[in-house]
Amino acid sequence: MGVAAGPIRVVVAKPGLDGHDRGAKVIARALRDAGMEVIYTGLHQTPEQIVDTAIQEDADAIGLSILSGAHNTLFAAVIELLKERDAEDILVFGGGIIPEADIPLLKEKGVAEIFTPGATTASIVDWVRANVRRQPAEA
């Protein structure tokens, strides 16, 4: 997968059965308002649907929002599918109701960053800008 020029492209997704998407929509809007291209997948997405969308949309990153308590399973599934699809260059970050004790395990599995309640939209935008860099593809 080559890296295209232009704005950062982020897929914001709500995996699993969690039906609360206010936070995901707030983050999607903040990223969009910061000049990024955002693809919001909607509620109840499977890890397969999320990875398929990210690959089809040539996304640079996937932002997962999870409030259901299934973060360990769902984050791991997305990371594993990206590996299987040779798309490990797509950065995965997330947020939601995630216990502090689970964050090191998630990062060990390959999640780049976790934002917990209280994180500001500005801090998330700044993190994405600092960690998702679009460089011209090598000739």
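**Entry 1: D102**

I started with D102, which is buried (under 20% relative accessible area, with a 1.4 Å probe and protein chains only) yet has no salt bridge. For a salt bridge I required a side-chain nitrogen of Lys or Arg within 4 Å of a carboxyl oxygen of Asp or Glu. The nearest side chain of opposite charge is K109, 8.8 Å away; I counted Lys and Arg as positive and Asp and Glu as negative, leaving out His and the chain ends.

A note on the source: this is a predicted model, where local features need pLDDT of at least 70 and side-chain atom pairs count only at pLDDT 80 or more, while totals for chains, interfaces and linings use all residues. Residues are numbered from 1 along each chain as its sequence is written, and side-chain values use heavy atoms, without hydrogens and water.

Where does D102 lie? I found D102 in the loop between β4 and α4 (103–109). Helices (H or I, at least four residues) and strands (E, at least two) are DSSP runs, numbered from the N terminus. Setting aside its neighbours within four places in sequence, I see D102 in contact (heavy atoms within 4.5 Å) with H71 and N72.

**Entry 2: helix α5**

Next I looked up α5, residues 121–131, and found I124, V125, W127 and V128 buried. They sit on the same side of α5, because they cover an arc of only 160° around the axis. That arc is taken from the directions from the helix axis to the C-beta atoms. A handy reminder: an α-helix has 3.6 residues a turn, so residues three or four places apart point the same way.

Which elements do the buried residues of α5 pack against? I noted β1 (9–13), α1 (22–33), β4 (91–96) and β5 (113–115).

**Entry 3: T46**

I then turned to T46, in the loop between β2 (37–40) and α2 (47–56). T46 has a relative accessible area of 32%, so I logged T46 as partly exposed, the class between buried and exposed, which is over 50%.

**Entry 4: the whole chain**

I counted 5 helices and 5 strands, running β-α-β-α-β-α-β-α-β-α from the N terminus. Of the 139 residues, 45% count as buried. Among contacts with a separation of 6 or more, 71% join residues 24 or more positions apart. Finally, I noted that the C-alpha trace spans about 45 × 30 × 25 Å along its principal axes.
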